[in-house]
Amino acid sequence: MAVHPWWKNAVVYQVYPRSFMDSNGDGIGDINGIISRIDHIAGLGVDTVWLSPHFDSPNADNGYDVRDYRRVMAEFGTLEDFDRLLAALKERGIRLVIDLVVNHSSDEHAWFVESRSSLDNPKRDWYVWRDGKNGGPPNNYRSFFGGSAWEHDETTDQWYLHYFAVKQPDLNWEVEEVRKEVHDLMRFWLDKGVAGFRMDVIPFISKQPDLPDLTPEQLRNQGRVWATGPRVHEFLQEMNREVLAPYDAVAIGEAAGVTIEDTPLFVDSRRRELSMIFQFDLVRIDRHGWKSRPWTLRQFKEMNARLDTACGEHGWGTSFLSNHDSPRIVSMFGNDSSEWRTYSAQTIATYILTQRATPFVYQGDEIGMTNFPFASIDQFDDIEVKGLWKDFVLTGKTTEEELMTHLRLNSRDHARTPVQWSNAAHGGFTTGTPWLAVNPNHDTVNAEAVTSDPHSVYHWYRRLIEARRNNEVLVHGAFADVDPGHETVFAYTRTLDDEKMLVVMNWSTDPVVWRAPDGLTVTGTLLDNAGATHAGDVIRLRGWQSCILRVS
Ligand code: TEU
Ligand code: CA
């Protein structure tokens with residue numbers, strides 16, 4: 001049996017602390033809340049938790065704007081609480097991966113307060129400052145959150161760069177001291193016992209020399225330009241050498257802007273950079289700028305096969321279709337009507353847990369949580385929504401109704417509504433007033449309902465994770481799509497040595513009779529979310545039915 005790094009066999013559960021569980025009634029999730037619900041996580045059988053940012057922050061972007069990298073956000077608790085969480089997870093054999101947000105910091109971080117104080121401050125070049133051009137910003141970069149990516153600073157009459165919010169100035173990684181500071185804060189948390197990092201927009205850390213204006217084509221996909229800076233791989237190899245390798249730490253790069261074809265540059269183990277990356281083509285298959293457009297299963301399957309190939313023999317992937325920046329998985333990829341919600345959530349889970357990649361489950365997926373029925377713009381909290389409102393509605397480029405139509409499909413706030421624990425008030429998330437409203441369907445869609453029902457989404461995740469743990473072929477087996485042209489069936493084999501599994505899923509509500517390709521005969525049923533068994537080479541599937549089969 002080949003020896004693999006632990007993170008290749010891992011199954012990761014993402015916690016967005018602000019929305020997971022509130023323990024002190026202030027309506028905001030916190031670390032003690034996570035500890036109080038830890039057996040819900042452990043019960044799934046996952047072995048790793050990824051914790052979205054828990055650091056001190058003024059929350060311009062819900063923690064992705066860090067003011068102090070060695071302090072816990074006051075609302076979330078204390079360093080002691082953090083240590084207790086780490087210990088409670090360890091007790092249950094669960095590792096903790098934390099978020100590393102070092103492409104930018106908060107503008108309230110001491111480094112930036114110093115940097116903006118004067119032109120000759122020793123930390124001036126720790127951020128990206130430039131003179132304006134013709135009374136305007138240095139170039140035509142646009143912020144992800146609306147407006148220019150440059151902010152003018154009266155004190156020194158210069159402009160600073162911020163790919164995201166005005167309160168998220170980009171760090172200048174050209175400066176060795178900056179990189180050393182990042183390495184040191186990583187060691188601070190690794191010495192505490194964390195297993196590694198999910199690295200926020202890490203491909204963006206190397207800026208284009210001279211920062212020329214973008215062409216109209218480039219402006220349509222700025223991330224692509226920002227993710228291909230000339231020194232990004234040098235900086236990642238240095239980080240690996242200085243910190244990751246010595247601690248055998250996992251490095252999960254959030255790789256916005258990186259193409260499927262460029263993925264090996266970051267994850268090929270011979271390059272000693274990252275363990276794996278989040279590549280966004282699949283999870284953003286519907287996106288055209290901020291708008292959502294129809295997509296097909298065939299397009300999805302084509303991308304999925306290219307991604308598996310791109311990771312190749314020396315690389316490794318991530319299997320995810322949800323996170324705190326994306327709409328709810330069953331609403332986006334499944335069918336969240338009451339008739340099909342459970343079956344489709346289970347079938348999407350079957351896909352996530354049977355890839356040659358590390359699977360990620362986002363809090364609430366295991367409960368089958370759905371998108372929120374947003375009715376008006378003032379129900380949104382997300383800074384990205386506020387940016388779109390300013391850039392497109394207030395400028396008359398679009399109407400409130402059209403913006404709402406797309407936000408109802410793809411807003412990040414769908415993922416950020418509090419976890420629904422029970423049919424109690426506010427879904428049992430808080431005894432106070434939640435910072436963001438709880439989905440009204442918590443009366444039926446909640447953790448108590450799914451954990452007490454053996455046929456639920458929760459137990460289907462648990463059984464998939466168990467099957468993955470007991471069948472190495474589902475982890476390391478070669479992937480082969482056996483019917484890429486089929487409109488509604490997604491079927492692929494996983495092969496390891498002389499063992500072969502066939503995964504067959506119906507991604508529609510219409511029953512289907514599917515014939516396995518020649519040479520493949522079903523000899524047994526490992527799992528089926530409708531409790532059916534299959535044999536021979538004809539597979540009958542009801543709507544959103546999926547199964548994992550032994551074949552010869
Ligand atoms: O997101 C980076 C990113 O590129 C996008 O997914 C982003 O969320 C958005 O959709 C841009 O349109 C990371 C974090 O995951 C996100 O929460 C932060 O807002 C962002 O970086 C800045 O730190
Ligand atoms: Ca709280």
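Which helix gives the most to the lining of the second largest pocket? Keep that one in mind while you look at the structure, which is a predicted model. The answer is H8, with three residues.

**The second largest pocket**

This pocket has a volume of about 350 Å³. It is lined by 18 residues, and the closest to its centre are Trp 7, Asn 240, Ser 269, Leu 274 and Ser 275. Sort the lining by class and you get nine nonpolar, five polar and four charged residues.

Rolling a probe the size of a water molecule over the atoms shows where empty space is left. A search of the whole structure turns up four cavities of 30 Å³ or more. The largest cavity holds about 140 Å³ of space. It has 14 lining residues, and Asn 304, Leu 307, Thr 318, Gln 355 and Ala 357 are the closest to its centre. Two elements give two or more residues to this lining: helix H10 (297-311) and strand E14 (317-319). H10 gives the most, with four residues. By class, the lining of the largest cavity splits into six nonpolar, six polar and two charged residues.

The second largest cavity comes in at about 50 Å³. If you want to find it, look for its lining: Tyr 16, Pro 17, Arg 18, Ser 52, Pro 53, Asn 59, Asn 62, Gly 63, Met 73 and Phe 76. Five of these count as nonpolar, four as polar and one as charged.

**The nonpolar cores**

How many residues are in the largest nonpolar core? It has 153, and the ones with the most contacts inside it are Phe 82, Met 199, Phe 300 and Tyr 351. Helix H17 (residues 457-470) gives the most to this core, with seven residues. There is also a second, separate core of 14 residues, which includes Val 489, Leu 502, Ala 516 and Val 551.

Leaving out neighbours within four places in sequence, Phe 82 is in contact with Ile 31, Leu 51, His 54, Val 72, Leu 96, Ile 98, Trp 189, Lys 192 and Val 194.

**Rings that pair up**

The structure holds 43 aromatic pairs. Here are two of them, side by side:

| Pair | Centre to centre | Angle between planes | Type |
|---|---|---|---|
| Phe 112 and Tyr 127 | 4.8 Å | 75 degrees | edge-to-face |
| Trp 173 and Phe 235 | 6.1 Å | 40 degrees | tilted |

Start with Phe 112 and Tyr 127. Phe 112 sits in helix H4 (residues 110-115), while Tyr 127 is in the loop between H4 and strand E6 (129-130), so the pair ties together parts that are 15 residues apart in sequence. Both Phe 112 and Tyr 127 are buried.

Now for the other pair. Trp 173 lies in the loop between E8 and helix H5 (176-192), and Phe 235 is in helix H8 (residues 232-247), so this pair ties together parts that are 62 residues apart in sequence. Trp 173 counts as buried because its relative accessibility is 1%, and Phe 235 is buried too, with a relative accessible area of 0%.

Rings can also gather in a group. Trp 295, Phe 300, Phe 333, Tyr 351, Phe 479, Phe 490, Tyr 492, Trp 507 and Trp 544 form one aromatic cluster. You have met Phe 300 and Tyr 351 already, among the residues with the most contacts in the largest nonpolar core.

Asn 134 lies in the loop between E6 and E7. Its phi is near 50 degrees, a positive value in a residue other than glycine. Is Asn 134 buried or exposed? Asn 134 is exposed, because its relative accessible area is 79% and the cut-off for exposed is over 50%.

Val 201 also has a positive phi, about 35 degrees, although it is not a glycine. You'll find Val 201 in the loop between strand E9 (196-199) and helix H6 (216-219). At 4% relative accessibility, Val 201 counts as buried, since buried means under 20%.

Last up is Thr 156, in the loop between strand E7 (150-153) and strand E8 (158-161). Thr 156 is buried, with a relative accessible area of 12%. Not counting residues up to four places away in sequence, Thr 156 touches Arg 116, Ser 118, Leu 119, Arg 124 and Trp 129.

Technical notes
Residues numbered from 1 in each chain as written. Chains lettered and ligands numbered in written order. Predicted model: local features only at pLDDT ≥ 70, side-chain atom pairs only at ≥ 80, totals over all residues. Heavy atoms only, no water. Buried < 20%, exposed > 50% of the residue type's maximum accessible area, 1.4 Å probe, protein only. Contact = heavy atoms within 4.5 Å. Core = buried A, V, L, I, M, F, W, Y, C linked by side-chain atoms within 4.5 Å. 1 Å grid on protein atoms, 1.4 Å probe; cavity = no way out; pocket = protein on both sides within 12 Å on 5 of 7 lines; lining within 4 Å. Points joined across faces, edges and corners; volume = space filled by probe spheres on them. Nonpolar A, V, L, I, M, F, W, Y, C, P; charged D, E, K, R; others polar. Phe/Tyr/Trp six-rings, centres within 6.5 Å; stacked < 30°, edge-to-face > 60°.
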